Amino acid sequence: MKIALAGNPNSGKTTLFNAITGKMEHVGNWAGVTVSKKEGIIKEALTQTTNAITVVDLPGSYSMSPFSSEETITQNFIKGEAPDVIINVVDSTNLNRSLFFTTQLLDLGVPVIVALNKYDLTRDKKNQINLQELSRLLRCPVVETISLRSEGNGLDTLIAKSIAIKGQSQTAPFSLQNVDLNDRNSVEVDNTKRFEFVKNIVKAVETRQVESSKQTTQDSIDRVLADKWMGLPIFALVMWSIFSISQTHLGPVLADVLGGWIDGLYSLVEQLLGDDVSPLLRSLLLDGIIGGVGAVVGFLPLIMVLFFLLALLEDSGYMARVAVVMDRFFKTVGLSGKSIIPMVIGTGCSIPGIMATRTIQNERQRRTTAMLTPFMPCGAKLPVIALFAGVFFNDSAWVGTLMYFVGIAIIIISALIIGKITGEKNSRPFFILELPEYRFPSIKRATESTLSRAKAFIIKAGTIILVCNAAVQIMQTFNWQFQVVAEGAEGSSILAGLASPFAMILIPLGFGVWQLAAAAITGFIAKENVVGTLAVVYGITNFIDTEKLALVSGSSDVAGIMGLTTVAALSYLMFNLFTPPCFAAIGAMNAELEDKKWLWGGVIFQFGMGYFVAFITYQIGTLFTTGSLGQGFVYGLLTCLGLLGILIYLIRKGCTQEDLKLNKGLN
């Protein structure tokens, strides 16, 4: 038996899907989180049978007319794969909006059961819905559900009735004959009469305590949080608070505990190895694997606290208001406020963020957003931010906050440039987003989301990062003749030989040494590798100071070993954050851009942007702090001028193409 979950965006489909399957798919209190179908098996406790029942969570859709990629997926599945039953998940707080899609599903002849979801919110508002009358008018079963609850949620009744109606015939309560789907007027007539039908049903079954046309407390809050002047400073304050808690206060305390365990493991393995073991094996195990991986894992508590706070923020409904605030800036540069959704998702991981661009209909906007989403610092980059904030900036929360806002600024500037290159600088897209209601965020869901991300982080540390650190340790141990490098001659190692040419290019950015270059290169495999590689090449076991309950600070040996000034450290941090993402994210870009020219253009653009930002940061910062320019200024300036010249050429070419298109349109 196969059941399809279909409904409007943000009706709670994925939450219901997780509740009946036990899975932990990502959910968010806003529209557009689910962009592809997901499949699972309903728990036996709900089916009361050993026969497996498959349930498919479909992307949110407002109608059976495929105007977006999500609606196309939903339509193709329902019409092409013929599910036995459709569970139509309806937001019970908004029947007027939801039942239009319901009437279209009832036309298909497949048995439908309506799940009136979020019924607790309906009760909180003291609204009443006559379920029996609604069921009679729609000619299908109706069940009230509260997917967020673990008990008394109505899900057992929902599944039991779904099984019971399998194979039954379904009669449509509303159907116009002879609707020509290829005729716009005919479809509009059908939609108008269907909306009227829905309106009459809602009028007959629903009694609202407060009319939707009246102002509510939520409307008053929105006037502040989504205000065009106050919205942005409030967002900055919120992000600063999150980083302050995760990076300065609670995170380091928890990290100290884990840091102690890592140190204990290091000592234990060191004792077990004894004195007779090969120095190479000792170095590989202790410095390469435990030291390198431990340095990355040591930041896990800070990241978990950050993820937990972001999950609470997302669940509250606030992030949808951020999209409204950012729309004003994005619209100016040819993007829509909808572009902020992939970028916010990208703060966890760039890959799902890039995939979320499928919700954007306009092809150029979709490709531009997919190209620019990796500029938002993802979870993998957080250890790098935490390390440099701890070592060089005394755990200041402003460092992490600044990186996010620099990322947003780069995205806006880059979108403006790409709009001119593609010849669509005058494009002014519209943006419509349904604002979800505010709600008290669920501690349980935030915890589950945090643990899921932590699990992915640990798996990555135990596989990709472990292998990379072992390889780095081996390449650092041997020279090109495969002889062990003598102490003090690390510059003759294979690793130094590979990284040194790249380091030459980085001199104008303030960090032209092979160790830092090697860390930046391994960062393209996985960004966490930057921290792991730094730990290996500089022989640092743990970046967490277990005595001071904090990250190692600028006065410690770490900053001295790296030999970086504060300005050069900020430059290095920005270079790692704003150059191309890891290879997996580039693969996701390849899938979503669907064009090699866009892909390679995007990767080169990201390299150029990261180099330019790091160059400006180092040279201007050095000028302010020392009164003179930094090393390699002339070479860096020539490189940046060369990149700028290429951009100007492409922009002029794009403007010419746009003028030709405008003239052609006028003629």
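**Strand 3 and its sheet**

Guide: Let's start with strand 3, which is covered on both faces: T54 and V56 on one side, V55 and D57 on the other, are all buried. Buried means under 20% relative accessible area, exposed over 50%, and partly exposed in between, with a 1.4 Å probe and protein chains only. In a regular strand the side chains alternate between the two faces of the sheet.

Visitor: Before we go on, what are the ground rules?

Guide: This is a predicted model: local features need pLDDT of at least 70, side-chain atom pairs count only at pLDDT 80 or more, and totals for chains, interfaces and linings use all residues. Residues are numbered from 1 along each chain as its sequence is written, and side-chain values use heavy atoms, with hydrogens and water left out.

Visitor: And how are helices and strands assigned?

Guide: They are DSSP runs, numbered from the N terminus: helices are H or I with at least four residues, strands are E with at least two.

Visitor: What order do the strands take in the open sheet?

Guide: The order is 2-3-1-4-5-7, six strands with mixed pairing. Two strands pair if DSSP finds at least two bridges between them. The edge strands are strand 2 (38-41) and strand 7 (142-144), and each pairs on one side only.

Visitor: How much are neighbouring strands turned against each other?

Guide: By 25° on average, direction ignored. Axes here are lines fitted to C-alpha atoms, for helices over the stretch in contact, and angles run from 0 to 180 degrees between N-to-C directions.

Visitor: Back to strand 3. In which sense does strand 2 pair with strand 3?

Guide: Antiparallel, over four bridges, with strand 3 spanning residues 54-57. I41 stands opposite T54. E39 has V56 as its bridge partner in strand 3.

Visitor: And strand 1 with strand 3, parallel or antiparallel?

Guide: Parallel, and four bridges join strand 1 to strand 3. I3 is bridged to V55 of strand 3.

Visitor: Which helix lies across strand 4?

Guide: Helix 4 (residues 95-106). Helix 4 lies across strand 1 (2-7), strand 4 (85-91) and strand 5 (112-117), and runs at about 165° to strand 4.

Visitor: Switching to helix pairs. What numbers do I need?

Guide: Two packed helices are described by the angle between their axes and the distance between the axes.

Visitor: OK, what are they for helix 18 and helix 26?

Guide: The angle is about 130° and the axes are 12 Å apart, with helix 26 covering residues 596-626. Helix 18 and helix 26 are therefore oblique to each other. Angles under 35 degrees count as roughly parallel, over 145 as roughly antiparallel, 65 to 115 as roughly perpendicular and the rest as oblique.

Visitor: Is that crossing left-handed or right-handed?

Guide: The crossing of helix 18 and helix 26 is right-handed. A crossing is left-handed if the near helix is turned anticlockwise from the far one by less than a right angle, and right-handed if clockwise.

Visitor: Which residues of helix 18 and helix 26 meet?

Guide: I410, S414, I417 and I418 in helix 18 meet W598, F605, M609 and V613 in helix 26. By class, this contact of helix 18 with helix 26 has seven nonpolar, one polar and no charged residues. Ala, Val, Leu, Ile, Met, Phe, Trp, Tyr, Cys and Pro count as nonpolar, Asp, Glu, Lys and Arg as charged, and the others, Gly among them, as polar.

Visitor: Is S414 buried or exposed?

Guide: S414 is buried, at 0% relative accessible area. S414 sits in helix 18 (residues 397-421). Leaving out residues up to four places away in sequence, S414 touches L372, F375, F605 and M609.

Visitor: How do helix 6 and helix 8 cross?

Guide: At roughly 155°, with the axes of helix 6 (residues 131-138) and helix 8 (residues 184-205) coming within 9 Å. That makes helix 6 roughly antiparallel to helix 8. The contact uses E133, L134, L137 and L138 of helix 6 and I201, A204 and V205 of helix 8. Six of these contact residues are nonpolar, none polar and one charged.

Visitor: Last topic, backbone. What is phi at K126?

Guide: About 60°, a positive phi, although K126 is not a glycine. Most residues other than glycine have a negative phi. K126 is in the loop between helix 5 (119-124) and strand 6 (128-129). K126 counts as exposed, at 60% relative accessibility.

Visitor: And where is F482?

Guide: In the loop between helix 19 (443-477) and helix 20 (494-506). Phi of F482 is positive, near 60°. F482 is exposed, with a relative accessible area of 64%.

Methods
Contact means heavy atoms within 4.5 Å.
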